[in-house]
Amino acid sequence: MFNLRPRAELHERVALKVIACCVLITAGFSLPVQGGALDGATVYKQKCVRCHGPSGEGTEKYARLLAGDRTVPALSRLIAKTMPEDAPGECVGAEAEAVARYIHESFYSREAQAKRKGQGPRIELARLTVRQYRETVADLVGSFHPAVKLDVAQGLTGDYSSRGGRGRNRGSAPHLNRVDPEIRFDFGTSSPIPEQRELEPLSRKWVRLPVLPIPLSAFRAFSQDFHVTWRGSVEAVESGEHEFLVRTENATRLWINDESRALIDAGVKSGNDTEYRGSIRLMAGRRYPIRLEFFRTREKTSSVTLLWKQPGGVFEVIPARRLSPTRTPEVLVLSAPFPPDDRSVGYERGTSVSKAWDQASTEAAIEVADYVSSRLPELADAREGASDREAKVRAFCKTFVTRAFRRPLGPELESFFITRRFEGAKNLETAVKRVVILALKSPRFLYREAGRATPDDLDVASRLSYGLWDSLPDQKLFDEAVAGRLHTPEQVRAQAQRMVQDPRALNKLLLFFLRWFRVEQPPELVKDRKLFPGFDEAVAADLRTSLRLFLEDLVSSPTADFRRLFDTESIYLNGRLSKLYGGGLKPDARFQQVKLEPNVRAGVLTHPYLAANFAYTGSTSPIHRGVFISRSLLGRVLLPPPEAVAPLPADLHPGMTTRERITLQTKPQACVTCHGLINPLGFTLEQFDAIGRYRTQENGKPIDASGTYEPLADESQRFDGARSLAAFLRSSEETRAAFVSQLFHATVQQPIRAFGPDVPARLAAFFASNEFNIRKLLVEMMAISALTPRGPAA
Amino acid sequence: MARFSDRREFLRDLGLSAAALPFVLNLPSLGFANSQVRKRRLVVMFSPNGVVPSAFWPDEVGASFTFKESLKPLEPFRKQTLILKGLSDKVRGDGDNHMRGMGCLLTGIELFPGNIQGGSDTPAGWAKGISIDQEIKNRLQAKPETRTRFGSLEFGVMVPERADTWSRMVYAGANKPIAPIDDPYQMFRKLYGQAKDQEVVKSVLDGLQEDFKKIKSAVSSEDRKLLEEHAGFVREMETELASTRGQDLGHAVPEIEPGLKHQNADMPRISKTQIDLMVSSFAADFARVATLQYTNSVGGARMRWIGVDEGHHELSHHDDSNNKSQEKLTKINKWFCEQLAYLAKRLAETPEPGGGGSLLDNTLIVWTNELGKGNSHTLNDIPFVLVGGGLDFKMGRSLNYKHTPHNRFLLALANGMGCPLEKFGNPVYCQEGVLTGLV
C-alpha cells in the first residue's frame, strides 16, 4: 500500500537541506515609511521580491512557495536572523516585523492561501476508500453470519483422542479435551492422553481401516496412536500475506478462514519433511476460524508446533493472545487489487476516481458476487431443493442491498435493484450475482451521502460508522437511524460511545498511531552487525510487537490517556529483547512490561522501535528524529529540501559525536531555516543509540542531550534529554492541536475546517478538559462532525 | 477466489497488467492456438483394480486382431486403436501394489516412506517425482507456440474425498500430488466462470447507467464533476465489453446438466458431463494435456446401472474360477471402455478449429490402470490402450512388449508430444531408452 513513507523517507534520508542560493539586492535604500508607519509591502518589493516573486510564489532562481505555519513574531525573528540570505542582518527590527506581517496576511498563512484559492474548505463528495471498501464488504457479508461472543480464555480448544476414539467409539475410547494457550508440544514417545499411556496393545477388532487386513507388525504402533484437533479463531493484527507453518514429524492439516479447503494438507506423511507451509491474505483487526489436525500413526515420536509469519515479520509460535477457543465465522478477504488512495493531503481520502479504480471495483464486485452466490445455503439459509429457497434468496438480496446502501430501499428501488434482476435469470445464483454486482457498482454503495446537502439520520449513521470503523453501520445503529433517533448531538454521542469500544474502532485508532509514527508498513530495520550484535529481523519484529502492545493497552483502556504516550517509563519486552535491552528476563520469557533505566525513558519518544527506525544502521539520526517530532508531534510544516544531500559519513570525523557532525554539516546559513527547528529537537534523544538503547557516551565523549524549541506562540523552551522534551510535549498546545487535527483527518477524512473555523480549537479545549482521553475525544469529534451539513464553505 | 489469483498470475506471465485489461481472459482463446504448428494432445484415462486378462487382451499380435469382450466398444475405432500388452510397472519400494500401481503409474519413481498403511508391505507416502503429464504440460507451457490457458486439466469421476496414495496419480513434483476435479460444476467454473461473470456484468450495465443518471441529477454541481468522471469510466467499460462480443469461444459455452451429485448412481452422468467439458476445453484450446481419473486405485464403484451390485474392488479379489465375478468384472471394464469410446467419438465428431480433420486426429487417449490383474495384484501387463492420432503412432495394432518397464512408454509419450526426454522417473527403468515400435 502507498503511504507517505516513500516521500517522507526520501526527504528524511536526504537529511540536509541546502536552500538554493538567493541573492537579494539590498543596496542603499532608505527605510520605506508611509504616513509614519513602516510599509511591509514596500519592504517586500525592495528586498524580497527578486527571489520570492510578487506573491511569494517563487521565481526561477528560487522556485518555492513562500507559505507555512509560523506566526508573525516567529517569522520576523527568522527574517531578522537569516534574510536576505546573502546579507543577513539587513532586515531587522521594525522592518522585519512589517514585512513579516505583510507576508503573513497576503499569502504566507494557511488562511491567506485558502483565500487565494478562492474557496474555503468544504465537505466533499467522497467514495469509499480502499480500506473502507474492503472492510465494508467483509462486514456486509459477515453480517449474515450469526454473531459470536468471544470466550475470555486465550488459546485453542484441543480435542485429543486415541485411535478408535472417533465416531461412536468416542465416549469409551481414551480422550482428553482442554484449552491449549499455544500449540507447541513435544509428546516424545508417549501419548498426551493419560489413560492411553497404560493401554495394552489393541485387539484386532478395534482396527477399522478403509483397506485390507493389517499385518500384525502394524498393531504395536496402534497402542500409542492418537490424533488431536485444535479449533478456535486466530486474530490478525497486520494486513497482508500471512504465512503459516506447522512443524511436525507426524501428519497434519491446517485450515485458516476457508473451511472448505485446507491451507496445509500434510495428512499423508511422506518422506522426511517436517515443515509444512501455506500463505493466506488476512485483514488486520479481525478473527479468522482456524482448525489444526494432528495425527500420530506410526512414527516413533510425535511433536507439533504452529507458527506464523506476519507481513514484515519472522516465524514465531502464534502467541496465546492472538488465539481464542471461540470459533468465529469465515471472513471475506478480497483479493482484487485496488490502486492506492490519494494521501497527498496527509490522510487517505476518496475524493477522486480513476479508471484503474473503477476496474478494480468491477473485479471486486465480481469476486463478492461469486463468493455470495456460492454460499447461499449458509448466508441466505436457502437450502438446495427447499420449497422456500427462492423466497429466502430474494429476502437475502433485499437485506444485502439495504445494508450495502446503508438505507432502506423503498418499493421503487427494490423493484429496480432486486425484482428486475431476477427476471430472466436462468437460476437463482445468476440472479444473486446480478443483484450483487449492480449494487456494488452503484454510486449508492460506492459513495456516501450522494445527493443530500444536509445529512439525514441514515447519513449520520454512515458518518459515525465510517468515522469510527471505516465500515458500514451495524444493525443497532441502522435501526436507530431508521427510527429517526439519530439527529441530535446527544443521540450521536450515545451511539459513538457504544461504537468506540468495538474492536474495529480500536483497530482504526491503532492504525492511526502507526501512521502517525511513520511505521504503518513494517520498516526494514537493518543494523550494523558489529556495533549491534544480536539485532536481527526477529528483534525488529519483536520491537514492533512491543510498540503495538503498548498502543493496544493505551487505546483499549477506558482512560485512554494521551499523555501516557509521553510519560510511560516501562516497555514491553520478551526474553529476546531483554537480552539486548536489559531487564533481566529469562530467555524464553513472554512479553511483559519492564522498567529499564530509571528516569530516562519517555514513552514513544524513546521506544526502541521508533528510535531504531529514525536512525541509520550504525548511528542515530537526530535529523530523522527531529523531523518526526516537528512534523508528527508538533504538526509543524517543513518544506521538502530542494536538493539531495548525503549525510557526512561518521568515519570522516572519527573523533566527533553525531551531534557535532550534524551541527557541522548544517552550519551553512542556507540550512538554518529548517534545521534550526529540527536539530535541537532531535538532539534531545541522543541518549538513545541507533537501536534505542540508553547510552551516556559516544566515542568516549559524554552525550549532550540538550535542545531547544521555539513554540509558535510561546516562550522559547530549553530541554535536557527526552524526559524534559516529553514533559513539554505532553502539555503543549501545539502537540495537542497537531494530534487533534491529524486524528480528525484520519477519522473523518474531510478537512477539519470544513466543519467550522472553530472546530480545531473546540476539540483541543475539550481534549484538555477531559483528561486527554482519546476515546472521549473521538466521541466528541463524531458529535461535532456527524451533524454538520455539507454545502458551501463554512 | 482461487481463480482470481490464477487469472492475475496468468496475466503476469503474459506481461499484461490486470488493470489495463480486466476482461482479457474472457476473450476465450486469447489467440493462443497457433494454427501454424500442428496441435498434439494427450489424455490419460484411468480406471482401477486391473482387468480380466482373458476378456481383455487380444490373442493376436499385429494389425489383425479381434477385440475381446472388454474392448468391444472400440470396434468403431479399430483403425485408431493401439493395444500395448507387456508393459510392466517395475518400480518397487514402500507401499502396497495398489499404492505403487497408482503413485508410480505416471511418475515411474518410488514412493516416499510414510504413514499410509496398505493391505501388505510397508507404509508409504507420496511419489518421489513429477508425473509425465505434468512434465509434458510444463514443457508445452514454457513455449509460446504450445502455451495454453491452463496447460493441463485434471478431471475426475467419483474420486473419494480424501487425499492419499490411492487417490492421486498426477504429481506436480515430489510430494506434490494434484487432486483431480471430480465436480463438473467446479470444472465448469474453472473453464467458463469468467465468461459467465462477464455476461452478468453486461446484463446489469444498463441498470447501472440508469442509476448513475438518477444520482447525478440529485447532487450539487461541485459533486457532479466527480460522478460524471466516474460515469465516464462505466461507459468505457461498456464499450470495451461490447467490442469483445465478436470474438467468441469458437463454440458456445456448454450447457451442463443441473443437479449432479457426488453419489454412486450419478456416475454415468458425471462421466458424460466431464467428457463433454473436456472436449469443449480442447475445442477452445484451453489445454493440450488432460487426465480423467475414474474413482481411485482400490475404487469400489457399484455399477448397478449395468447390473453389478457388488463394489468393484471387492469383486476384483475373487478367484479366477468364480465365473460370475469374472463376468461382472468384464462388464465393469467394458463400461469403462464405453466411456473411452464416448470420448473418442466426441473428439472424432468435433472438427479441429483452424485445421483439417477432427480433434481425435490430434489427440492420443491412453487408457490405463494401476494393476494388471485384480486378484493377483500384479504390476505386470499394466493395461495401456491407446486411441487417436495425436502422437503419430502407428495405430490399428495390438502389440506385446513382454515385461518392458513402463517408464520407457512414458518416455515415448513425452517424445510423441514433442518433448524430447531420455530419462524419466527412476533412470534404472529407462536404460533401453524410448519405447520403440510405436511409430
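Student: What makes A:Phe396 and A:Phe400 of α11(A) count as buried?

Tutor: In this predicted model, a residue is buried if 20 or more other C-beta atoms lie within 10 Å of its own. The buried residues of α11(A) include A:Phe396 and A:Phe400, along with A:Val393, A:Arg394 and A:Cys397.

Student: What covers the buried residues of α11(A)?

Tutor: The cover includes α7, α10, α12, α13 and α14 of chain A.

Student: How do you know that the span of helix α11 of chain A agrees with its 17 residues?

Tutor: At 1.5 Å a residue, the helix should span 24 Å, and its end C-alpha atoms are 24 Å apart, so the two agree. Just after α11(A), A:Arg406 has a positive phi of about 55 degrees.

Student: Why is α15(A) called roughly antiparallel to α16(A)?

Tutor: The two helices pack at an angle of about 155 degrees, with their axes 8 Å apart. Angles over 145 degrees count as roughly antiparallel, so α15(A) is roughly antiparallel to α16(A).

Student: Which residues of α16(A) make the contact with α15(A)?

Tutor: A:Leu477, A:Phe478 and A:Ala481 do, against α15(A) residues including A:Leu458, A:Ala461 and A:Leu464.

Student: How many residues does each chain put into the contact between chain A and chain B?

Tutor: Chain B gives 45 residues and chain A gives 43. On the chain B side, α4(B) gives the most, with eleven residues. That side has 25 nonpolar, 14 polar and six charged residues.

Technical notes
Residues are numbered from 1 along each chain as its sequence is written. Chains are lettered from A and ligands numbered from 1 in the order in which they are written. This is a predicted model: local features need pLDDT of at least 70, side-chain atom pairs count only at pLDDT 80 or more; totals for chains, interfaces and linings use all residues. Two residues are in contact if their C-beta atoms, placed from the backbone, lie within 7 Å. Helices (H or I, at least four residues) and strands (E, at least two) are DSSP runs, numbered from the N terminus. Ala, Val, Leu, Ile, Met, Phe, Trp, Tyr, Cys and Pro count as nonpolar, Asp, Glu, Lys and Arg as charged, and the others, Gly among them, as polar. The expected span of a helix is 1.5 Å times one less than its number of residues. A residue is buried if 20 or more other C-beta atoms lie within 10 Å of its own, exposed if 12 or fewer, and partly exposed in between; C-beta atoms are placed from the backbone. Axes are lines fitted to C-alpha atoms, for helices over the stretch in contact, and angles run from 0 to 180 degrees between N-to-C directions. Angles under 35 degrees count as roughly parallel, over 145 as roughly antiparallel, 65 to 115 as roughly perpendicular and the rest as oblique.
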